[in-house]
Amino acid sequence: MLRRGARVAVAALLAGCAAAPYTRRSQLILISPEEENKLGARAFQQVLGKSHVDGRAQVNGAVEAVGQRLARVAERPDYKWRFVAIDDPKQQNAFCLPGGKVAVYTGIFPLAESTNGLAVVLGHEIAHALARHGAERMSQGLVAQAGGSLLGAWLGGGPGPNTILAAYGLGAQLGVLLPYSRTQESEADHIGLLLMARAGYDPRGALAFWQRMERAAGGAPPEFLSTHPSHGTREQQIQAWLPEAMRYYEASAHAGVEPLPAIAGATPRSDRAHEFFTCNPFRAGVSAPFLVLSIPYDATG
Ligand SMILES: [Zn+2]
């Protein structure tokens, strides 16, 4: 009988190492893509069941058009892409779950301004899923908890949809904050920039978008308190990646730039928890170790 810690080590060896697309950063991931995609699909249904899917053709059409262009360059034939607009003008957020399940809250439309700005948002979110950042976080949680209750849950049937929701940045909806690490955020910025450029969206629009976000945030928390890069760091990094992105953009069939439809009730200022700004655990009064240890596991799997 192996000790629990040893069992995790064996699982890690069996799973092997993964590498993020484009950046080739090596990752320890203990969950198979098939398992992850299945969970993503179930979690997406769960979110849609609790949300008001936007019925306006113009709103959905913009999300679908930008999303499908990005999906074409994502090189994931195993993904069954879905793009949905959620009618929630107070929520400035978007997400992509494994398997290509994407939702955009209408509150982000005024900040995105155009289809090009929407490509920045969607590129960043799709990049988190392509680089399997949620699976990586779940795996880190398992290793950190070797011998603990998470492992028991894991061996007893594996993680459920709530786990994947928390790991893919939707923790606020579940009352659990589980932000991406700063490395993952920077990587999503980088990969997202290249994806949008390959899809024919002008990557220079990313700088303008993040500047609008900075104004909307009304002064972001200092970098050492936040898992997100500070705006200054983010803009410097994007500047550094732009020459690479521009080569993709120049070689691509350019997408037109269309203004997004106006959203009644949306405020340009952030007032609700969302992936882009509220990854500051200290502000939320939650201690950092809690973030690592609180990955929820569904007993039902
Ligand atoms: Zn992110």
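Val121 lies in helix H5, which spans residues 115-130, helices (H or I, at least four residues) and strands (E, at least two) being DSSP runs numbered from the N terminus. The model is predicted, so that local features need pLDDT of at least 70 and side-chain atom pairs count only at pLDDT 80 or more, while totals for chains, interfaces and linings use all residues. Residues are numbered from 1 along each chain as its sequence is written, and side-chain values use heavy atoms, with hydrogens and water left out.

- Val121 is buried, with a relative accessible area of 0% (buried means under 20%, exposed over 50%, partly exposed in between, with a 1.4 Å probe and protein chains only).
- The C-alpha atoms of Val121 and Phe109 are 9.9 Å apart, the two residues being separated by 12 residues along the chain.

**Strands S4 and S5**

- Strand S4 (residues 94-97) points Ala94 and Cys96 one way and Phe95 and Leu97 the other way, and all are buried.
- S4 pairs with strand S5 (residues 101-105) in the antiparallel sense over 4 bridges, where pairing requires that DSSP finds at least two bridges between the strands.
- Cys96 has Val102 as its bridge partner in S5.
- The hairpin of S4 and S5 has 3 residues between the strands, and Gly99 takes a positive phi near 90° there.
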